[in-house]
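Have the model open as you read.

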Amino acid sequence: MLNFPLSPGIGGERLRAYLTADPNRRAVYDNILDRLTPDGRVGILTRCYVMRSSYRRMVFRGVLAAVGQPIPGWAKETPEAAASNRLHLARYRDAYNAVRFERRARAA
């Protein structure tokens with residue numbers, strides 16, 4: 001299981017130093033925290049948010065490295081991860097659109 005630090009204080013000095021080195025990192029970190037599941041896990045919304053930007057993936061990997069957590073395969077910069085992320089995002093979009101169209105049909 002991936003233990004994403006829920007505050008910079010939990011991650012210690014290394015995480016605080018990493019986040020303060022670039023002011024934009026803290027904003028991305030806070031956005032990732034907002035998208036975690038209620039029990040603090042990296043769910044589908046978090047993964048979609050992180051994987052859609054190379055900078056977000058970099059911050060995500062940096063936070064995990066600062067607290068000594070393993071980096072998931074989908075967060076790495078590899079051709080396999082890119083293919084997996086495209087497939088994951090397509091499935092997410094299809095599921096989202098199916099629910100949206102179903103709600104529209106019921107409302108009409």
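## Starting at Met51

Setting aside neighbours within four places in sequence, Met51 is in contact with Arg57, Trp74, Asn85, His88 and Leu89, where contact means heavy atoms within 4.5 Å. Met51 belongs to helix α3. With a relative accessible area of 6%, Met51 is buried; buried means under 20% relative accessible area, exposed over 50% and partly exposed in between, using a 1.4 Å probe and protein chains only. The C-alpha atoms of Met51 and His88 are 9.9 Å apart, although 37 residues separate the two along the chain.

The model is a predicted one, in which local features need pLDDT of at least 70 and side-chain atom pairs count only at pLDDT 80 or more, while totals for chains, interfaces and linings use all residues. Residues are numbered from 1 along each chain as its sequence is written, and side-chain values use heavy atoms, leaving out hydrogens and water.

## The overall picture

The protein has 5 helices and 0 strands, so defined as DSSP runs numbered from the N terminus, with helices being H or I of at least four residues and strands E of at least two. Read from the N terminus, the order of elements is α-α-α-α-α. Along the principal axes, the C-alpha atoms fill a box of roughly 55 × 30 × 25 Å.

Of the 108 residues, 35% are buried. Among contacts between residues at least 6 apart in sequence, 55% join residues at least 24 apart.

## How α2 packs against its partners

Let us begin with α3. The axes of α2 (residues 23-34) and α3 (residues 44-51) come within 9 Å and cross at roughly 155 degrees; axes are lines fitted to C-alpha atoms, for helices over the stretch in contact, with angles from 0 to 180 degrees between N-to-C directions. That makes α2 roughly antiparallel to α3, given that angles under 35 degrees count as roughly parallel, over 145 as roughly antiparallel, 65 to 115 as roughly perpendicular and the rest as oblique. Here Val28, Asn31 and Ile32 of α2 meet Thr46, Tyr49 and Val50 of α3. These contact residues divide into 4 nonpolar, 2 polar and no charged, where Ala, Val, Leu, Ile, Met, Phe, Trp, Tyr, Cys and Pro count as nonpolar, Asp, Glu, Lys and Arg as charged, and the others, Gly among them, as polar.

On to α1: its axis lies 6 Å from that of α2, at an angle of about 135 degrees, which makes α1 oblique to α2. Pro8, Leu15, Tyr18, Leu19 and Ala21 of α1 form the contact with Pro23, Arg25, Arg26 and Tyr29 of α2. By class, this contact has 7 nonpolar, no polar and 2 charged residues.

## Rings and charges

How many aromatic pairs does the structure hold? There are 3, counting rings of Phe, Tyr and Trp (its six-membered ring) whose centres lie within 6.5 Å; planes under 30 degrees apart are stacked, over 60 edge-to-face and the rest tilted. Phe4 and Phe60 are stacked, because their ring centres are 5.5 Å apart and their planes are at 10 degrees. Phe4 lies in the segment before α1 (8-21) and Phe60 in α4 (residues 54-66), so the pair ties together parts 56 residues apart in sequence. Both Phe4 and Phe60 are buried. Ring pairs link Phe4, Tyr29, Phe60 and Trp74 into a cluster.

Two arginines also sit over rings. The charged end of Arg25 is over Tyr18, 4.2 Å from the ring centre, and Arg35 lies over the face of Tyr49 at 4.0 Å from the ring centre. The criterion is NZ of Lys or CZ of Arg within 6 Å of the ring centre and within 35 degrees of the ring normal.
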